[in-house]
Amino acid sequence: MCVNFAVASVHQIIIYFEIVMANYPSNQFKNGLKVMIEGDPCSMVDVEFVKPGKGQAFTRVKLKNLITGRSWERTFKSNETAEGADVMDTDMEYLYCDGEMWHFMDPQSFDQVAADKTAIGDAHQWLKEQDKCLVTLWNNNPISITPPNFVELEVTETDPGLKGDTAQGGSKPATLQSGAVVRVPLFIEQGDVLKIDTRSGDYVSRA
Amino acid sequence: MSELWKATASVENLRKRAEIFTQIRGFFAERDVLEVETPLMTTAAVSDPYIDTIECRYHPLPEQQGQTRYLQSSPEYAMKRLLASGSGAIYQICKAFRNGEYGKRHNPEFTMLEWYRPGFDHHRLMDEVEALVVPLLGLTSCQRISYGELFHQYLDIDPYSATAEELAVITREHIELEMDDDNRDNWLNLLMSHVIEPQLVDSGGVFVYDYPASQAALAKVMKNSAGQSVACRFELFVTGIELANGYFELTDAAEQARRFAQDIAQRQVEGLPVRPTDSLLVEALENGMPECAGVAMGLDRLVMLAQGTEQISDVIALPFGRA
């Protein structure tokens, strides 16, 4: 009996969550809301109420598919709803890559998640062990990784530095410890630690 | 700490707003148009199916059962009763209320300028609207284009004769949405708001006239040069934003009663709230309203356009979210 009760109550909790999570009417849409569209979790980037003086009301939404990254526009009728997506952004520490998966840890709970190649996208080239990243979880699985805006990475390979050439403003490629190749000034040497803007992939300064 | 106590509009924008209101009053004083006021709490509600009226309750005594009143969504019916009472040319600046209209360019309680000109038709009224807004918005002039030409130009269709199915196909080529509807006007409105308006952004002021007869609302219906029935209605769009809506006004009482009945029937079919229509307007028309043209203009949007702001909350001191 007790076991049955426990099962029933867990079931009730699940149903309760479905009711609470489930549907957002279009008049509650707002920027940043995460919803399910055609099976994929999407984020609302821009929400606009459209209503001609005499016509019907609509909500025009710019959406971003959080799996594929595709952005597009979709219009919802005033009585339409969208199913909420269980998407959460969490700060996590990058641990290591096992060759196939990239592993991250929640520094509070010590929970670990592993992101595949699709989820990691271009972020892999900026990852350094123990750096804090923003991990987007959908149903507790990582679907995208955002590295810190600025990272500090060591130069593992570049042509020898040309001292005294700083005024020329020329540049050369340098390979960083994470594998990324960036354009750097000519005076940079192997072993230098550089500050890089991950949003543009640009060299900022020596760290 | 919450900032909800604070005005969203800058003092600069509030000063500009006051200045524009003064200029509008000066414009009408010069032209001998009388400023009037009509009730905000009315016994009848607007019939337009897609305008939802906000209800309130009047209690003669606190413990007595209240009577329902409606916060007016436009002063049109009342101002027409003044015209039929012999007022001559009139204008009004008032609050109007509409349920659910809340967004970047909508506030459920907004400020409307409405005026009526006995002896004018809608083309002559467009001239006057242009004379008012051109200096306020720093425009040089406004273009004029018929609804038919506009749809030909941007979508290559005839909006007067295309079927709902044809319009649905074109709409779905431009807009992703799930909708089935056999009402032509709903598709036309979508194409206007989603496809055409955004392309008018660089066009300054544009008057669109000769709406389809099915969108006549309270305008007369006449034949255009091609023999198609069109509504003597115009709208003014400035940089693609709907700013004003005007009519060569319907004066036929029986036709007015028929249009109310038609709106109520549509509300019933669509499961929308059905509220009392204005029988006093019909009586006023029976008694005789002078031939006239009238127009309503959103003043918050006018100030937005004058100040080049994107949000209506930039020009309303305390918008709905902080009311």
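1. With a relative accessibility of 0%, B:Phe28 counts as buried, where buried means under 20% relative accessible area, exposed over 50% and partly exposed in between (1.4 Å probe, protein chains only). B:Tyr91 is likewise buried, at a relative accessible area of 3%. The model is a predicted one, in which local features need pLDDT of at least 70 and side-chain atom pairs count only at pLDDT 80 or more, while totals for chains, interfaces and linings use all residues. Residues are numbered from 1 along each chain as its sequence is written, chains are lettered from A and ligands numbered from 1 in the order in which they are written, and side-chain values use heavy atoms, with hydrogens and water left out.

2. Over all chains, the structure holds 10 aromatic pairs, a pair being rings of Phe, Tyr and Trp (its six-membered ring) whose centres lie within 6.5 Å, with planes under 30 degrees apart counted as stacked, over 60 as edge-to-face and the rest as tilted. One of them is the edge-to-face pair of A:Phe29 and A:Phe76, with 4.9 Å centre to centre and 85° between the planes. A:Phe29 lies in the loop between β1 and β2 (34-37) of chain A and A:Phe76 in strand β5 of chain A, so the pair ties together parts that are 47 residues apart in sequence; helices (H or I, at least four residues) and strands (E, at least two) are DSSP runs, numbered from the N terminus. Both A:Phe29 and A:Phe76 are buried.

3. B:Phe28 and B:Tyr91 form a stacked aromatic pair, 4.5 Å centre to centre with 20° between the planes. This pair links distant parts of the chain, since B:Phe28 is in helix α1 (residues 11-30) of chain B and B:Tyr91 in strand β5 (residues 90-97) of chain B, 63 residues apart. B:Phe28 and B:Tyr91 also belong to one aromatic cluster with B:Phe27 and B:Trp115.

4. Within chain A, strand β3 (residues 40-50) is joined to the antiparallel β4(A) by 8 bridges, and A:Glu48 stands opposite A:Arg60 in β4(A).

5. A:Asn65, in strand β4 (residues 58-65) of chain A, counts as buried at 7% relative accessibility. Its side chain makes a polar contact with that of A:Asp40 at 2.9 Å, a polar contact being a pair of N or O atoms within 3.5 Å; within protein, one must be able to donate a hydrogen and the other to accept it, and residues adjacent in sequence count only if both atoms are side-chain atoms.

6. A:Gln130 has a positive phi of about 75° although it is not a glycine; A:Gln130 is placed in the loop between α2 (117-120) and β10 (132-138) of chain A and is exposed, with a relative accessible area of 62%.

Methods
Two strands pair if DSSP finds at least two bridges between them.
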